[in-house]
Amino acid sequence: MKEYKLVVLGSGGVGKSALTVQFVQGIFVEKYDPTIEDSYRKQVEVDGHQCMLEILDTAGTEQFTAMRDLYMKNGQGFVLVYSITAQSTFGDLSDLRDQILRVKDAHEVPLVLVGNKCDLDAERVVTYSQGQSLQKTFGSCAFLEASAKSKINVNDIFYDLVRQINRQGGTAGGKSGSNQSGSCCTLL
């Protein structure tokens with residue numbers, strides 16, 4: 001069974017843990033308890049193949065940013081989450097994506113952009129079209145609006161990420177032959 005290392009990133013309070021727990025355990029976590037780092041495993045079937053997903057739910061607070069490089073390096077696919085009710089959380093995502101690309105030394109990585117809390121449409125400050133525009137600047141990433149509370153598009157986030165990783169052959173944006181000439185270097 002193939003394993004996938006998925007990393008959920010975004011500002012504090014956007015619902016990263018709520019989305020992850022809803023996907024893994026099928027429950028909605030109502031209260032906000034800032035995460036340092038939580039890891040979850042779930043076996044799923046995607047397009048007829050059994051997959052083991054290892055999902056890293058990361059800290060959204062600034063004090064834990066030093067840990068980011070490590071899990072960005074090890075992650076194969078990334079979920080970038082913002083809250084549709086908080087403009088500042090949306091503005092943070094370009095820097096996060098740039099950091100992922102820098103750490104992985106890649107031009108693209110499997111990525112899903114998620115506007116969470118779409119059940120709170122009356123409190124919306126980030127429009128759907130703003131999400132689509134950001135998606136276009138990111139290149140070939142997916143974009144979904146989701147609600148951990150209402151179970152909207154939660155499974156789709158993680159399944160789409162697995163499909164993207166499979167399309168890239170599991171290299172997840174690493175140097176996958178496009179800039180390798182077939183020669184190798186041996187250090188003695």
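Is Phe-90 buried or exposed in this predicted model? Phe-90 is buried, with a relative accessible area of 12%, where buried stands for under 20% relative accessible area, exposed for over 50% and partly exposed for what lies in between (1.4 Å probe, protein chains only). The model is a predicted one, in which local features need pLDDT of at least 70 and side-chain atom pairs count only at pLDDT 80 or more, while totals for chains, interfaces and linings use all residues. Residues are numbered from 1 along each chain as its sequence is written, and side-chain values use heavy atoms, with hydrogens and water left out.

The chain contains 6 helices and 6 strands, taken as DSSP runs numbered from the N terminus (helices: H or I, at least four residues; strands: E, at least two). Their order from the N terminus is β-α-β-β-α-β-α-α-β-α-β-α. Of the 188 residues in the chain, 45% are buried. Among contacts (heavy atoms within 4.5 Å) with a separation of 6 or more, 73% join residues 24 or more positions apart. The accessible surface of the chain is about 9,600 Å², and carbon and sulfur atoms contribute 49% of this area; accessible areas were computed by the Shrake-Rupley method with a 1.4 Å probe, and for residues only the protein chains shown count as cover.

Rings of Phe, Tyr and Trp (its six-membered ring) were paired if their centres lie within 6.5 Å, with planes under 30 degrees apart counted as stacked, over 60 as edge-to-face and the rest as tilted. The count by this rule is 4 aromatic pairs. One of them is the stacked pair of Phe-23 and Phe-158, at 4.3 Å centre to centre and 20° between the planes. This pair links distant parts of the chain, since Phe-23 is in helix α1 (residues 16-25) and Phe-158 in helix α6 (residues 154-167), 135 residues apart. Phe-23 counts as buried because its relative accessibility is 2%, and Phe-158 is likewise buried, at 1%. Tyr-82 and Phe-90 form an edge-to-face pair, with 4.8 Å centre to centre and 75° between the planes. Tyr-82 is buried, with a relative accessible area of 0%.

Ring pairs also join Phe-23, Phe-158 and Tyr-159 into a cluster. Over the face of Phe-23 lies Lys-42, 4.7 Å from the ring centre; the criterion is NZ of Lys or CZ of Arg within 6 Å of the ring centre and within 35 degrees of the ring normal.

Ser-83 belongs to strand β4 (residues 77-83) and counts as buried at 3% relative accessibility. Beyond its neighbours within four places in sequence, Ser-83 contacts Val-14, Thr-89, Asn-116, Lys-117 and Val-126.
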